[in-house]
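I opened this notebook to record what I looked up in the structure below. The entries follow the order in which I took up each topic.

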Amino acid sequence: MARDLLEDATAHPPFSGETALAAFAYIFLDDCARRWKPSTLRSHRHAMSRYTLPGLGHMQIGEVERSDVTVWFNKMEMSKGGRNRALSLLSSLLIHAEIRGLRLPGSNPCAGMRRHDMRFQASYLHADGYAALGRAFAKASATSPMAVRALRLCALTGCRKLRPFSSVISMRASGGS
């Protein structure tokens, strides 16, 4: 890893703490591209250009402080999970800036920031809920019988994740009843 960083350091022009975060962001993505899958790199490039650079790209890499990151994080208009990923990416970029000597070691303003809670909270139907669901299925079965059948199958089998659900939706009737 040290050899890679030294090679990368000689491949790019010198930077300092006064370098704009936007300029360093592209170097960071290039430096780390070999460690990521192509889809991860695409995702990081998108997040960087869409969320990080518009909010913080104008700042000098050495001047980004906790208050700047907090304001940026709270202003982002996206899902909680997306905001968490954007914060993690920014944190990685700033750690990379420390490794490159553009920030003081241990100065990452993202360190210790609270990410949004992503715990799954399930809700379960009781007798009244099942009765209401049954009435809704009965009402919708006249206009959308296949959709009602697919939803009943998902409800009865506990199918919740996208991939299994999509396989249920894509099923085709074959012979039999």
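**Helix packing**

I began with α3 and α5, which pack at an angle of about 80 degrees with their axes 10 Å apart. Axes here are lines fitted to C-alpha atoms, for helices over the stretch in contact, and angles run from 0 to 180 degrees between N-to-C directions. The angle makes α3 roughly perpendicular to α5 (65 to 115 degrees; under 35 counts as roughly parallel, over 145 as roughly antiparallel, the rest as oblique). I listed H44, A47, M48, T52 and L56 of α3 and L89, L90 and L93 of α5 as making the contact (heavy atoms within 4.5 Å). These residues divide into six nonpolar, two polar and no charged. In this division Ala, Val, Leu, Ile, Met, Phe, Trp, Tyr, Cys and Pro count as nonpolar, Asp, Glu, Lys and Arg as charged, and the others, Gly among them, as polar.

I note that this is a predicted model, in which local features need pLDDT of at least 70 and side-chain atom pairs count only at pLDDT 80 or more, while totals for chains, interfaces and linings use all residues. Residues are numbered from 1 along each chain as its sequence is written, and side-chain values use heavy atoms, with hydrogens and water left out.

I then turned to helix α6 (residues 127-140) and helix α7 (residues 145-157), which pack at about 155 degrees with axes 8 Å apart. That makes α6 roughly antiparallel to α7. F137, A138 and A140 in α6 meet P145, V148, L151 and R152 in α7. I recorded six nonpolar, no polar and one charged residue in this contact. Helices are DSSP runs (H or I, at least four residues), numbered from the N terminus.

**Core**

Which residues touch the most other members of the largest nonpolar core? I found L21, W72 and L93, out of 29 residues. Such a core is a set of buried Ala, Val, Leu, Ile, Met, Phe, Trp, Tyr and Cys residues joined through side-chain atoms within 4.5 Å. Helices α2, α3 (38-56), α4 (66-75) and α5 (80-99) each supply at least two residues of this core. Beyond its neighbours within four places in sequence, L21 contacts residues including T52, L56, L90 and L93.

I located D31 in helix α2 (residues 21-32). D31 counts as buried because its relative accessibility is 1% (buried is under 20% relative accessible area, exposed over 50%, partly exposed in between; 1.4 Å probe, protein chains only). Its side chain makes polar contacts with the side chains of H96 (2.8 Å) and R100 (2.8 Å). A polar contact is a pair of N or O atoms within 3.5 Å; within protein, one must be able to donate a hydrogen and the other to accept it, and residues adjacent in sequence count only if both atoms are side-chain atoms.

F73, in helix α4, is buried at 3%.
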